[in-house]
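I opened this notebook to keep track of what I looked up, one topic to an entry. The entries go from the whole chain down to single residues.

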Amino acid sequence: MRFLLTLNIYSNKSLKPLHQMTVEHPAESLEDFIEAISGHDFAIVSVVYVDEHTNERSVKGQIAINYNSISKIVPLVDRP
């Protein structure tokens with residue numbers, strides 16, 4: 001399932017400590033994702049990038065995110 005994460009970390013494009021990232025995780029719901037990251041320091045997710053010109057989405061590999069940096073999680077539904 002895809003999620004939009006709002007993170008309390010600096011990005012390369014902003015001086016504000018806020019960054020959004022679209023990720024994929026095997027969880028089947030928001031509740032499953034929360035359960036998967038609860039009690040662990042890190043969650044392994046696949047990063048999804050969106051091409052600015054074509055709006056095409058592609059998975060660009062896995063990263064580990066510290067759950068303490070996540071301030072908001074929004075489940076995403078597939079869009080054309």
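Predicted model: local features only at pLDDT ≥ 70, side-chain atom pairs only at ≥ 80, totals over all residues.

Entry 1, the order of elements. Reading from the N terminus, I noted that the elements of the chain run β-β-α-β-β-β. The radius of gyration came out at 13 Å, close to the 12 Å that the globule rule gives for 80 residues, so I wrote the chain down as being as compact as a globular protein of that length. Counting the elements gave me one helix and five strands in the chain.

I looked up the box that the C-alpha atoms of the chain fill along the principal axes, and it is roughly 40 × 30 × 20 Å. What share of the 80 residues in the chain is buried? I found that buried residues make up 30% of them.

The partners are Arg2 and Glu24, whose side chains meet with 2.7 Å from N to O. Because Arg2 lies in strand S1 (residues 2–7) and Glu24 in strand S2 (residues 19–24), I recorded that the pair ties together parts that are 22 residues apart in sequence. Glu24 has a relative accessibility of 26%, so I listed Glu24 as partly exposed.

I then checked Leu4 against Pro75, and although the two are 71 residues apart in sequence, their C-alpha atoms are 6.4 Å apart in space. In strand S2 I picked Met21, and its relative accessible area of 16% makes Met21 a buried residue, since buried means under 20%. From Met21 to Ile73, which is 52 residues away along the chain, I read a C-alpha separation of 9.9 Å.

Which residues form the negative surface patch? I found Glu28, Glu31, Asp32 and Glu35 there. One of these, Glu31, lies in helix H1, which covers residues 30–37. At 58% relative accessibility Glu31 counts as exposed, because the cut-off for exposed is over 50%. Ile37 is in helix H1 as well, but I noted Ile37 as buried, with a relative accessible area of 8%. Between Ile37 and Pro26, eleven residues apart along the chain, the C-alpha atoms are separated by 12 Å.

I looked up Val50, which lies in strand S3 and counts as partly exposed at 36% relative accessibility. Where does Asn55 lie? I placed Asn55 in the loop between strand S3 (42–50) and strand S4 (57–66). Its backbone made me stop, as Asn55 has a positive phi of about 65° although it is not a glycine. I wrote beside this the general rule that most residues other than glycine have a negative phi. As for its cover, Asn55 counts as partly exposed, with a relative accessibility of 43%.

Conventions: Residues numbered from 1 in each chain as written. Heavy atoms only, no water. Patch = residues over 30% accessible without salt bridge, like charges linked within 9 Å, V, L, I, M, F, W, Y side chains within 5 Å. Areas by Shrake-Rupley, 256 points an atom, 1.4 Å probe, with all protein chains shown as cover. Salt bridge = Lys/Arg side-chain N within 4 Å of Asp/Glu carboxyl O. Lys, Arg positive; Asp, Glu negative; His and termini not counted. Charge placed at Lys NZ, Arg CZ, Asp CG, Glu CD. Helix = DSSP H or I, 4+ residues; strand = E, 2+ residues; numbered from the N terminus. Buried < 20%, exposed > 50% of the residue type's maximum accessible area, 1.4 Å probe, protein only. Rg over C-alpha atoms; globule rule 2.2 N^0.38 Å.
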